[in-house]
Amino acid sequence: MTQTSVRENLLRIQERIARAAAHAGRRAEEITLIGVSKTHPANAIREAYEVGVRHFGENRVQEWEAKRAGTEGLAASWHLIGHLQSNKTTRAARLFHSIDSVDDIAVAQRLDRARAEAGITGKLRVLIEVRVAPEETKSGVEIGELPDLAEKIVDLRRLQLAGLMCIPPFLEEAGQVRGYFQRLRVLRDGLTKGFDMELPVLSMGMSHDFEVAIEEGATEVRVGTALFGTRSTA
Ligand SMILES: *Cc1c(COP(=O)(O)O)cnc(C)c1O
């Protein structure tokens, strides 16, 4: 992909964000774009950085380790958005600014310990991934177990629980996912009130449905295809 097309793609995404925000009576600046760079080379990340993208999402620790050298010097935030295996927590705790897909207390505890062992001061931001569509998706914590997990993560001193994330089922008609996004927001509001937690972040919405997510309160949208083009592998 050439830089011109990444730039053009970004402009189109920014227009879509602005329109969806306006439609919902929100400001576009409330929404952070996370460029999902999985399967794309380090060069593509550099191109996106040069035209202004400052947050990137990768879904595999190993893939990101391989690409890191090619993105050295970029002052961006790196998010892990894919499932984290417990044997990769130590590396993940050093390599990412945010783990957006925590769904298990054992993984959270390992991340907390790894930060201490690495001597990294400053909390690692984490989001809890919620399984909003139990019948169709596998990753994420069950809704019934969310309050307990959130309370336990809040107690971990080196983690900063910032909010919730979800991946609804892929539905051709973007409007059909609205209910899942609403569900995530309601869950967040419930935790905020019930447990007096500050959970400002709702990471929801991908290339084909982020407008709906923004209308339902998304503060971060994870956009791959619309920014970098189609992926050759999953
Ligand atoms: C791949 C991926 C995205 C981006 O998907 P697109 O449809 O390409 O925008 C967003 N979130 C997660 C968790 C992903 O794995």
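Arg26 is found in the loop between α1 (3-23) and β1, where helices (H or I, at least four residues) and strands (E, at least two) are DSSP runs numbered from the N terminus. This is a predicted model, in which local features need pLDDT of at least 70 and side-chain atom pairs count only at pLDDT 80 or more, while totals for chains, interfaces and linings use all residues. Residues are numbered from 1 along each chain as its sequence is written, and side-chain values use heavy atoms, with hydrogens and water left out.

**Arg26 and its surroundings**

- With a relative accessibility of 17%, Arg26 counts as buried, a term that stands for under 20% relative accessible area, with exposed meaning over 50% and partly exposed lying in between (1.4 Å probe, protein chains only).
- Not counting residues up to four places away in sequence, Arg26 touches Ala21, Ile31, Ile214, Gly217, Ala218 and Thr219, a contact being heavy atoms within 4.5 Å.

**The ligand site**

- Around the ligand are Val36, Lys38, Ile81, Ile167, Met206, Ser207, Arg222, Val223, Gly224, Thr225 and Arg231, where a residue is near a molecule or strand if one of its heavy atoms lies within 4 Å of it.
- Of the 390 Å² of accessible area that the ligand has on its own, the protein covers 90%, with accessible areas taken from the Shrake-Rupley method with a 1.4 Å probe and, for residues, only the protein chains shown counting as cover.
- Asn59 itself sits in the loop between β2 (55-58) and α3 (61-67), and its C-alpha atom is separated by 10.0 Å from that of Ile99, 40 residues apart along the chain.

**Helix α5**

- Helix α5 (residues 105-118) has 14 residues and reaches 20 Å from its first C-alpha to its last, close to the expected 20 Å, a span calculated as 1.5 Å times one less than the number of residues.
- The buried residues in α5 are Val107, Ala108, Leu111, Asp112, Ala114 and Arg115.
- These residues lie on the same side of α5 because they cover an arc of only 165 degrees around the axis, the arc being that of the directions from the helix axis to the C-beta atoms.
- The cover over the buried residues of α5 includes α4 (89-95), β4 (98-102), β5 (124-130), α6 (146-154) and β6 (159-166).
- At the N-terminal end, Asp104 caps α5 through a side-chain oxygen that lies 3.0 Å from the backbone nitrogen of Ala106, while after the helix comes Gly119, with a positive phi near 70 degrees.

**Helix α7**

- The 18 residues of α7 should span 26 Å at 1.5 Å a residue, and the end C-alpha atoms of α7 are 26 Å apart, which agrees.
- Buried in α7 are Tyr180, Phe181, Leu184, Leu187, Arg188 and Leu191.
- They share the same side of α7 because their arc around the axis is only 120 degrees.
- On the face of α7 turned away from its buried side are the exposed residues Val186, Lys193 and Gly194, whereas the cover over the buried residues includes β5, α6, β6, β7 and α8 (210-215).
- Asp189, which lies in helix α7 (residues 178-195), counts as partly exposed at 29% relative accessibility.

**Backbone points with positive phi**

- Most residues other than glycine have a negative phi.
- Thr39, in the loop between β1 (32-36) and α2, has a positive phi of about 70 degrees although it is not a glycine, and it counts as partly exposed at 25% relative accessibility.
- Asp196, in the loop between α7 and β7 (201-203), has a positive phi near 55 degrees and is exposed, with a relative accessible area of 70%.

Notes: Polar contact = N/O pair within 3.5 Å; in protein donor to acceptor, adjacent residues only side chain to side chain.
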